[in-house]
Amino acid sequence: MTPETELEQLLAARYSCRAFRPDPVPDQLVDRLFATAQRTPSWCNTQPWQVHLLGGEATARFAKELGEHVVAHEQVADLGLPAYEGIHADRRREAGYGLYSALGIAREDRAARSDQMARNFSFFGAPHCAVVTTGRDLGTYGAVDCGGYVNTLMLGAQALGLGVIAQGAVAMYSDFVRGWLDLPEDRLVVCAVSFGYADENDPVNAFRTTRADLGDVLHRLDG
Ligand SMILES: Cc1cc2nc3c(=O)[nH]c(=O)nc-3n(C[C@H](O)[C@H](O)[C@H](O)COP(=O)(O)O)c2cc1C
């Protein structure tokens, strides 16, 4: 049997980080992370991702103004709002309740759940927030390629010892994000990826999700 690969180890150890220390990541490490993510494959090598990377005061300003926007406006998502039904709704619920339970939040405590949700808009305290956009003309496959990019970015961050989380929540206010970043009309907001150094002492970072059994997702046709 082949020994466990580094990728297997990374995937086994990774999790979505929801509490960060304020310390910024040194520029050299940030450059290295984004240079690594550039290796992501894409259809016809179109590389549809563009990244607006916020750090320092820009992160704080974006968090403040996005937070103010969210409480007073409806969601407008460039890629549409997902509908969760059946098994997808079940998995979403399990992950959500697991997270709240790790934080000692009761299921019926709507206020505490909503406070935790609102932490998305301060990027859980991360010092860096990368907004990933795709080209409108590339349609669904442009977004698929950006999904691959986001995954490389997250694994790259993990490999460099950083905490990281993808945030679709930010894309639920695409109109605000477009205005704030002065994005041209031909760019669509896919999600944000916030990163920094994980706060290992925060109980939220002890929470781990499960995965479906292989038999539920892999459909083999042999012969
Ligand atoms: C594209 C994408 C968007 C996500 N958006 C959010 C988000 O807005 N807020 C959040 O707390 N987690 C978000 N997540 C994290 C997922 O909830 C998480 O990946 C999933 O529950 C599996 O848990 P794990 O990452 O800890 O393995 C997102 C993940 C992905 C891949």
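A: What follows describes the core, then the ligand shell, then the chain as a whole.

This is a predicted model, in which local features need pLDDT of at least 70 and side-chain atom pairs count only at pLDDT 80 or more, while totals for chains, interfaces and linings use all residues. Residues are numbered from 1 along each chain as its sequence is written.

A nonpolar core is a set of buried Ala, Val, Leu, Ile, Met, Phe, Trp, Tyr and Cys residues joined through C-beta atoms within 7 Å. A residue is buried if 20 or more other C-beta atoms lie within 10 Å of its own, exposed if 12 or fewer, and partly exposed in between, with C-beta atoms placed from the backbone.

The largest nonpolar core has 40 residues, and Val132, Val150, Cys191 and Val193 touch the most other members. At least two residues of this core come from each of helix H2 (27-37), helix H3 (56-72), strand S3 (128-135), helix H6 (139-159), strand S4 (163-167), helix H7 (168-171) and strand S5 (187-198). Helices (H or I, at least four residues) and strands (E, at least two) are DSSP runs, numbered from the N terminus. S5 gives the most to the core, with 8 residues.

Leaving out residues up to four places away in sequence, Cys191 touches Val132, Val150, Ala166, Gln167, Gly168, Val170 and Ala171. Contact here means that the C-beta atoms of two residues, placed from the backbone, lie within 7 Å.

Ala166 and Gly168 are also among the closest of the 13 residues that surround the ligand, together with Ser16, Ala169 and Thr209. A residue is near a molecule or strand if its C-beta atom, placed from the backbone, lies within 6 Å of it. S4 and H7 each supply at least two residues of the shell around the ligand, and S4 gives the most, with 3 residues. The shell divides into 7 nonpolar, 5 polar and 1 charged residues; Ala, Val, Leu, Ile, Met, Phe, Trp, Tyr, Cys and Pro count as nonpolar, Asp, Glu, Lys and Arg as charged, and the others, Gly among them, as polar.

The chain holds 8 helices and 5 strands, and its elements run α-β-α-β-α-α-α-β-α-β-α-α-β from the N terminus on. Of its 223 residues, 26% count as buried. Among contacts between residues at least 6 apart in sequence, 84% join residues at least 24 apart.
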